[in-house]
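Reader: I've got a structure open and would like to talk through how its pieces pack. Can you take me through it?

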Amino acid sequence: MDRNILTFLGCDSEYEDAKIVVFGAPFDSTTSFRPGARFASRNMRNDSYGLETYSPYQDKDLCDRKIFDGGDIELPFGNPERSIADIERYCEKVFRDNKIPVMIGGEHLVSLGAVRAAISNFPQLKIIHFDAHTDLRDEYLGEKLSHACVMRRIWELIGDNRIFQFGIRSGCREEFEWSKGHVTTNRHNFNTLEKVCKKLKNDPVYLTIDLDVLDPSCFPGTGTPEAGGVSFIELINAITSVCSLNVIGCDINELAPDYDASGASTATACKVLRELLLALNC
Ligand code: MN
Ligand code: MN
């Protein structure tokens, strides 16, 4: 008998056989505006069955890939430091076993745990970051561990000129000023992505996708919707470009399903994840 347990669509390989490990990090304790991202992974698993495993965009099928869905990590709510450490430990094992971790957030702070593990395994690591927001604050309301500060914390780990942001259209003046010389902040769209991909062609890359990079007209189900975003098809094209590089780990975060009763935001997030899983080079 087979176990009939809910996984993300087409992600039913055993851990030992899998090249890609999907897991949820349902944490949203530092969300600054509207919480709810903790429900993303379970909703996505459920709603993913509204999709096909086959992608006409890439002419690939999830059924032909070896992907393990490890379920959600149990995280101690209200304790960001321990939650990040638990995520780091989980990713550490996945890297050690020579597999690619694909994390479903949660709020964006969860990326810090995955990047901590990535940097210790891949010292030359570069970060590609899709988001509406810079996430470069040094602190938010006195807190260093906030989703509004996640890229600043990651910069502290890896230093100057190793983070490349795209789709950015929100942040305080100080964040934009500070980013000069530290982080490459590409505003509004993906126009400069091809150039950056050429530059990073020999480097290990971690890709972090804050889904609020999408325009709220197609993706309202998020904690801090920000008008002026990219379209679904622009995001998919950008993901496939990045995945031509050596992507060693990635995440999608900040879906808060309950803010979109139509379910369209969750369906969009599922489709983004399907395309990401198919685009990964493995
Ligand atoms: Mn954001
Ligand atoms: Mn973010």
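Author: Happy to. Keep in mind that this is a predicted model.

Reader: Okay, is S146 buried or exposed?

Author: Anything under 20% relative accessible area counts as buried. S146 has a relative accessible area of 1%, so this serine is buried.

Reader: Moving on to α4: how is α3 oriented relative to α4, roughly parallel or roughly antiparallel?

Author: Helix α3 (residues 111-121) and helix α4 (residues 150-158) have axes 10 Å apart and pack at an angle of about 15°. Angles under 35 degrees count as roughly parallel. That is why α3 comes out, relative to α4, as roughly parallel.

Reader: What is the handedness of that crossing, and which residues of α3 and α4 meet?

Author: The crossing of α3 and α4 is right-handed. By type, the contact residues split into seven nonpolar, one polar and two charged. On the α4 side they are V150, R153, I154, L157 and I158, and on the α3 side S111, L112, V115, R116 and I119.

Reader: How do α2 and α3 pack, then: oblique or roughly parallel?

Author: Here the axes of helix α2 (residues 80-96) and α3 are 7 Å apart, at an angle of about 40°. Roughly parallel needs an angle under 35 degrees, so α2 relative to α3 is oblique.

Reader: How do the residues of the contact of α2 with α3 divide by type?

Author: α2 passes α3 in a right-handed crossing. Among the residues making the contact are E81, I84 and I87 of α2 and L112, G113 and A114 of α3. The whole set divides into eight nonpolar, three polar and four charged.

Reader: Now the nonpolar cores: which helix gives the largest share of the largest one?

Author: The largest nonpolar core has 51 residues, with V102, F130, L235, L276 and L277 having the most contacts inside it. Its largest share is eight residues, and they come from helix α8 (residues 264-279).

Reader: How many residues are in the second core?

Author: This second core is separate and includes I87, A118, L125 and M151. I87 in α2 and A118 in α3 also take part in the contact between those helices. The size of the second core is 32 residues.

How values were computed: Residues are numbered from 1 along each chain as its sequence is written. Chains are lettered from A and ligands numbered from 1 in the order in which they are written. This is a predicted model: local features need pLDDT of at least 70, side-chain atom pairs count only at pLDDT 80 or more; totals for chains, interfaces and linings use all residues. Side-chain values use heavy atoms; hydrogens and water are left out. A nonpolar core is a set of buried Ala, Val, Leu, Ile, Met, Phe, Trp, Tyr and Cys residues joined through side-chain atoms within 4.5 Å. Buried means under 20% relative accessible area, exposed over 50%, partly exposed in between (1.4 Å probe, protein chains only). Helices (H or I, at least four residues) and strands (E, at least two) are DSSP runs, numbered from the N terminus. Axes are lines fitted to C-alpha atoms, for helices over the stretch in contact, and angles run from 0 to 180 degrees between N-to-C directions. Angles under 35 degrees count as roughly parallel, over 145 as roughly antiparallel, 65 to 115 as roughly perpendicular and the rest as oblique. A crossing is left-handed if the near helix is turned anticlockwise from the far one by less than a right angle, and right-handed if clockwise. Contact means heavy atoms within 4.5 Å. Ala, Val, Leu, Ile, Met, Phe, Trp, Tyr, Cys and Pro count as nonpolar, Asp, Glu, Lys and Arg as charged, and the others, Gly among them, as polar.
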